[in-house]
Amino acid sequence: MTPAQARTLAEIQAELTRLVRYDDESIVHEAWIRQRYDLGAASYAPARTAAVRTAWHEAGHAVAALAVGARFSSASIRQGSGTQGRVHGIRSDAADAFVIDAAGQIAERLRDWSTPAGDDELRAWLPTWRADGGDARRFRRGIAVRFGGGEVAAWRHCEQALIPCRPRIRQVARALLVHPRHLPYAVVAAVAASA
């Protein structure tokens with residue numbers, strides 16, 4: 001970790017300690033709220049909600065990448081023209097790399113424990129998962145060797161891998177919310193390890 005990254009980590013940890021009693025929507029940095037408001041959110045309330053949802057989504061990808069041994073350059077919730085946020089430059093040759101692709105959607109559901117309870121509910125939802133920055137396409141391509149066309153079994157595998165990671169996902173999401181810039185890999189890894 002570089003000295004600059006160590007300073008960023010210390011700032012984030014201090015801010016998370018200071019805001020430990022607050023819910024996610026209460027700790028969103030003003031920069032993320034204003035950015036979403038300026039790009040079309042109806043008011044600050046939906047801008048906060050969108051930032052929190054994006055933070056959990058991207059934290060899911062980042063923590064899943066750490067879990068399967070993948071590297072990435074940084075994570076951010078900066079809203080772009082076609083994206084709400086991004087974990088940049090993920091590189092993985094792991095057989096379970098498809099877990100990273102499903103992790104954003106699963107993390108959003110872990111936030112409020114709204115994962116599909118039964119396989120019928122999941123089976124009905126999976127075909128609707130299409131436009132997600134390429135995640136759905138990569139997930140389907142990645143499961144072929146291990147699960148064939150068994151999307152439900154592959155999804156349940158991903159859930160089982162990520163449910164124990166929920167505290168780390170939450171910690172990384174909160175770090176993304178309080179810090180107004182991208183977080184380098186080393187900082188994300190340290191934040192996740194502190195959960």
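Modeller: Let us begin with charge: Lys and Arg count as positive, and Asp and Glu as negative, while His and the chain ends are left out. The structure above is a predicted model.

Biologist: How many positive and negative side chains does the protein have, and how far apart do the centres of the two sets lie?

Modeller: There are 26 positive and 20 negative side chains in the protein. The centres of these two sets are 4 Å apart.

Biologist: What radius of gyration does the protein have, and what would a compact globule have?

Modeller: The idea is to compare the model with a rule for globules. A compact globule of 195 residues would have a radius of gyration near 16 Å, and the value for the protein is 16 Å, so the two agree. The C-alpha trace spans about 45 × 40 × 30 Å along its principal axes. Among contacts with a separation of 6 or more, 70% join residues 24 or more positions apart.

Biologist: What share of the residues is buried, and which residues touch the most other members of the largest nonpolar core?

Modeller: Of the 195 residues, 46% are buried. The largest nonpolar core has 57 residues, and Phe139 and Trp155 touch the most other members. Helix α3 (residues 44-68) gives the most to this core, namely 10 residues. Beyond its neighbours within four places in sequence, phenylalanine 139 contacts several residues, including Phe98, Trp129, Trp155 and Cys158. As for the surface, the protein exposes about 9,600 Å², of which carbon and sulfur atoms supply 50%.

Biologist: Is arginine 156 buried or exposed?

Modeller: The test is a cut-off: buried means under 20% relative accessible area. Arginine 156 has a relative accessible area of 18%, and is therefore buried. Its place is in helix α7 (residues 151-162). Not counting residues up to four places away in sequence, arginine 156 touches Pro116, Ala117, Gly118, Asp119 and Leu122.

Biologist: Where is leucine 19 found, and which residues does leucine 19 touch beyond those up to four places away in sequence?

Modeller: Leucine 19 is in the loop between α1 (3-18) and α2 (30-38). With a relative accessible area of 9%, leucine 19 is buried. Leaving out residues up to four places away in sequence, leucine 19 touches Ile27, Arg174 and Val178. Leucine 19 and arginine 174 are 155 residues apart along the chain, yet their C-alpha atoms are separated by 9.7 Å.

Technical notes
Residues are numbered from 1 along each chain as its sequence is written. This is a predicted model: local features need pLDDT of at least 70, side-chain atom pairs count only at pLDDT 80 or more; totals for chains, interfaces and linings use all residues. Side-chain values use heavy atoms; hydrogens and water are left out. Helices (H or I, at least four residues) and strands (E, at least two) are DSSP runs, numbered from the N terminus. Buried means under 20% relative accessible area, exposed over 50%, partly exposed in between (1.4 Å probe, protein chains only). Contact means heavy atoms within 4.5 Å. The radius of gyration is taken over C-alpha atoms; the globule rule is 2.2 Å times the number of residues to the power 0.38. Accessible areas come from the Shrake-Rupley method with a 1.4 Å probe; for residues, only the protein chains shown count as cover. The place of a charge is taken as NZ of Lys, CZ of Arg, CG of Asp or CD of Glu. A nonpolar core is a set of buried Ala, Val, Leu, Ile, Met, Phe, Trp, Tyr and Cys residues joined through side-chain atoms within 4.5 Å.
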